[in-house]
Amino acid sequence: MSEHERGLSERERRLSDLERELTLLSRHFVAARGPRIGQSLERSAYVLLTRLEVGEPLTLKELAHTFQVGISTINRQVSAMLRNGLVERIPDPDGGMARKFRPTALGLERLEADRAVSRAGTTRLIEASGWADRRTEQFLTLLVEFNQSIEQLEGLTWSRTGRDENSSATD
């Protein structure tokens, strides 16, 4: 235990440990996916397509809000995706002035191909951990609940394919 950690309360130490473990989880997950071998999407395109595939088309402003980044950042990312045929610009279905974006068939095809590589990496991690299905499901439930709590706090929602928005993974 470091000198700094000795001065922390039990709660502060627990939160410090949680921060470190989340950082490690992020590192392990990215490393398990490998050096993007077999994947064709930029990370930003992967994340944007993941959001667009399960929800309604969104404007640049809505995407910027969803990802909590500047409009110029989203504009650059979406422009690159437009050039590569991954998304298309459509009129607002509700008649608004702003154009909205939705994934193209090519975008969804490439997302699924990259997702298969990512899933294989996740599978390798879970199998290497020796976790039974029940323990994996418990972990998933906690992650869903944690992410949904953060989304609620931030006033954002992230659609989850095949899952009720307001339920945990096991409901």
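Predicted model: local features only at pLDDT ≥ 70, side-chain atom pairs only at ≥ 80, totals over all residues.
**Overall fold**

The chain has 171 residues, and 29% of them count as buried. Its secondary structure consists of seven helices and two strands. In sequence order the elements run α-α-α-α-α-β-β-α-α. The accessible surface is about 11,500 Å². Carbon and sulfur atoms account for 54% of that surface. Contacts in the chain between residues at least 6 apart in sequence were also sorted by separation: 51% of them join residues at least 24 apart.

**The H3–H6 crossing**

Helix H3 spans residues 43-53, and helix H6 spans residues 105-129. Their axes come within 10 Å and cross at roughly 115°. Angles of 65 to 115 degrees count as roughly perpendicular, so H3 is roughly perpendicular to H6. The crossing of the two helices is left-handed.

Which residues make the contact? From H3 come Tyr46, Leu49, Thr50 and Glu53. H6 supplies Gly107, Leu108, Leu111, Asp114, Arg115 and Ser118. By class, this contact of H3 with H6 has four nonpolar, three polar and three charged residues.

**A loop residue with positive phi**

Gln68 lies in the loop between helix H4 (60-67) and helix H5 (71-83). Its phi is positive, at about 55°, although Gln68 is not a glycine.

Arg102 sits in strand S2, residues 99-103. Is Arg102 buried, partly exposed or exposed? Its relative accessibility is 36%, so Arg102 counts as partly exposed. Leaving aside residues up to four places away in sequence, Arg102 touches Pro57, Val87, Glu88 and Ile90.

Asn147 belongs to helix H7, residues 133-154. Asn147 has a relative accessible area of 36%.

**In brief**

The chain comes to seven helices and two strands. Helices H3 and H6 cross at roughly 115°, with a left-handed sense.

Conventions: Residues numbered from 1 in each chain as written. Heavy atoms only, no water. Helix = DSSP H or I, 4+ residues; strand = E, 2+ residues; numbered from the N terminus. Buried < 20%, exposed > 50% of the residue type's maximum accessible area, 1.4 Å probe, protein only. Contact = heavy atoms within 4.5 Å. Areas by Shrake-Rupley, 256 points an atom, 1.4 Å probe, with all protein chains shown as cover. Axes fitted to C-alpha atoms, helices over the stretch in contact; angles between N-to-C directions. Parallel < 35°, antiparallel > 145°, perpendicular 65-115°, else oblique. Left-handed = near helix turned anticlockwise from the far one by under 90°. Nonpolar A, V, L, I, M, F, W, Y, C, P; charged D, E, K, R; others polar.
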